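Here are my notes on this model, point by point. Please read them with the structure open.

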Amino acid sequence: MTETMVTKPASQDLVQLSALTLPALQHLMEAWGQPKFRAKQVLDWRNKGILDPVEMKNIPEALRDRLSSSLMCQPLRLVRRECSRDGTRKYVFALNRPRLAGKMVEAVFIPEEKRGTVCISSQVGCVLDCPFCHTGTQGFEGNLSPGEIVAQVLMIKADLLHEPMTGDLHDGVTHIVYMGMGEPMANEEGVHGSLALLMDEDGLKLSRRRITVSTSGLIPQIDRLGQVHPVNLAISLHAAMDDKRNVLVPINRKYPLTQLRHCLDNYPLPTQRHITLEYVLLDGVNDQPEDIAALRRFVNPERERINLIQFNPYPGSPYRGTPKEHMSKFAQDLISKGIRATLRRSRGQDIMAACGQLKAETREVS
Ligand code: SF4
């Protein structure tokens with residue numbers, strides 16, 4: 001199912017409502033001669049996903065107009081929404097800020113019975129170019145701001161308010177994963193800023209245990225993440241031998257596996273949490289007995305588990321996925337060697353929303 005909804009684009013580079021904290025908004029209200037409590041009222045709407053002041057019913061009209069003209073209330077506009085048979089929804093958003101106006105990013109909502117996970121983008125395109133990744137083929141066009149990253153979550157919340165899930169599927173946002181377009185650790189300003197907003201007591205109040213940042217392995221940035229915002233960590237490993245990983249995850253040439261090992265050993269883990277090692281299985285490439293042996297040498301089973309991912313082909317992709325039976329055998333071989341390994345069920349494949357498939361098909365809209 002495809003739907004098109006277009007909201008008005010903003011024309012100036014203004015402060016984004018999605019990036020404001022309660023003290024900042026209170027300060028603004030005072031400067032505008034408004035009572036302080038209005039700030040909380042506005043944030044309550046914002047936190048539900050209502051970003052258009054027109055819909056903020058208990059706010060006086062004059063203040064709604066001031067909000068609309070003085071802030072960028074809607075940093076993104078929804079261009080398209082696609083719904084998978086399994087309930088997964090993929091959203092294509094266009095950016096409104098002048099420098100990146102019309103550039104598009106994607107986010108995905110993945111509902112399960114007891115949780116609803118939003119997968120968000122941190123960049124337009126990606127600074128890196130992992131050869132199996134659809135996003136990597138797009139090139140890099142810009143970093144998202146904290147407000148643009150958080151706005152993806154807010155707009156999905158609003159969509160779920162207007163059109164809840166059916167059946168047993170959860171229709172709230174309980175978990176966030178930074179696994180959409182882009183390398184989050186190459187946009188530290190946007191990612192740290194958005195993490196603060198997502199965890200803010202007056203914001204979305206998400207626990208750090210419910211947020212996961214996925215990175216291909218930018219080591220100084222991972223160290224800083226652990227110091228400042230020690231959320232769950234996922235690493236795009238995809239090979240445990242330097243020669244193979246140099247090809248599949250080219251950042252490995254800069255930060256090879258020995259450095260990654262040291263970094264992971266020092267990442268602060270909440271109790272009973274693990275670092276997830278993402279491993280997309282590519283037929284004849286990284287699914288051989290030597291790869292099992294290399295994983296056995298690399299993985300610290302006390303602190304890490306492997307998430308085996310089915311490769312999702314995209315048009316023009318040079319790789320094939322490992323056949324399903326061989327994936328199960330690969331998982332069993334790891335488990336028999338004491339390594340926790342799970343096979344991730346691929347979601348939203350029919351709408352190109354599965355892992356590694358995100359790429360805005362059209363670069364710009366006007
Ligand atoms: S796998 Fe991640 S880091 Fe690599 S190109 Fe794709 S989005 Fe970028």
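1. Thr276 is buried, at 12% relative accessible area. Buried stands for under 20% relative accessible area, exposed for over 50%, and partly exposed for what lies in between (1.4 Å probe, protein chains only). Thr276 sits in strand S11. Helices (H or I, at least four residues) and strands (E, at least two) are DSSP runs, numbered from the N terminus. Neighbours within four places in sequence aside, Thr276 is in contact with Leu233, Ala234, Ile235, Arg305 and Asn307. Contact means heavy atoms within 4.5 Å.

2. Basis of the note. The model is predicted: local features need pLDDT of at least 70, side-chain atom pairs count only at pLDDT 80 or more, and totals for chains, interfaces and linings use all residues. Residues are numbered from 1 along each chain as its sequence is written, and side-chain values use heavy atoms, with hydrogens and water left out.

3. Domains. The protein chain divides into domain 1 (21-70) and domain 2 (76-351). These bounds come from an automatic or database domain assignment. The centres of the two domains, taken over C-alpha atoms, are 34 Å apart. Ten residues of domain 1 are in contact with eleven residues of domain 2.

4. Core. Which residues have the most contacts inside the largest nonpolar core? They are Ile176, Tyr178 and Ile306, in a core of 101 residues. Helix H4 (residues 146-162) gives the most to this core, with eight residues. Domain 1 (21-70) and domain 2 (76-351) both contribute residues, so this core lies between them. A nonpolar core here is a set of buried Ala, Val, Leu, Ile, Met, Phe, Trp, Tyr and Cys residues joined through side-chain atoms within 4.5 Å.

5. Tyr178. With neighbours within four places in sequence left aside, its contacts include Ile120, Ile149, Pro184, Val191 and Ser194. Leu195, Leu198, Ile211, Thr212, Val213 and Ser214 are also in contact with Tyr178.

6. Ligand. Cys126, Leu128, Cys130, Cys133, Gly136 and Gly182 surround the ligand. A residue is counted as near a molecule if one of its heavy atoms lies within 4 Å of it. The shell holds four nonpolar residues, two polar and no charged. In this scheme Ala, Val, Leu, Ile, Met, Phe, Trp, Tyr, Cys and Pro are nonpolar, Asp, Glu, Lys and Arg are charged, and the others, Gly among them, are polar.

7. Salt bridges. The count comes to 15. The rule asks for a side-chain nitrogen of Lys or Arg within 4 Å of a carboxyl oxygen of Asp or Glu. Arg81, Arg89, Asp159 and Glu163 are linked in a network of salt bridges.

8. Asp44 and Lys40 form a salt bridge at 2.9 Å, N to O. Both lie in helix H2 (residues 37-48), four residues apart, about one turn of the helix. Asp44 is partly exposed at 35%, and Lys40 is partly exposed at 40%.

9. Pairs across the sequence. Glu141 and Lys103 meet in a salt bridge at 2.8 Å, N to O. This pair links distant parts of the chain: Glu141 is in strand S7 (residues 140-143), and Lys103 is in the loop between strand S3 (89-95) and strand S4 (104-111), 38 residues apart. Glu141 is partly exposed at 21%, whereas Lys103 is buried at 14%. Asp283 and Arg320 form another salt bridge, with their closest N and O atoms 2.8 Å apart. Asp283 lies in the loop between strand S11 (275-281) and helix H9 (289-298), and Arg320 in the loop between strand S12 (304-310) and helix H10 (324-336), so the pair ties together parts 37 residues apart in sequence. Asp283 is partly exposed at 27%; Arg320 is exposed at 59%.

10. Backbone check. Most residues other than glycine have a negative phi. Lys205, not a glycine, has a positive phi of about 55°. Lys205 is in the loop between helix H5 (188-199) and strand S9 (211-215), and is exposed at 54%. His238 also has a positive phi, near 65°. His238 is in the loop between strand S10 (232-236) and helix H7 (242-248), and is buried at 5%.

11. Leu22. This residue is in helix H1 (residues 22-31) and is buried at 11%. Beyond its neighbours within four places in sequence, Leu22 is in contact with Ala39, Lys40, Leu43 and Asp202.
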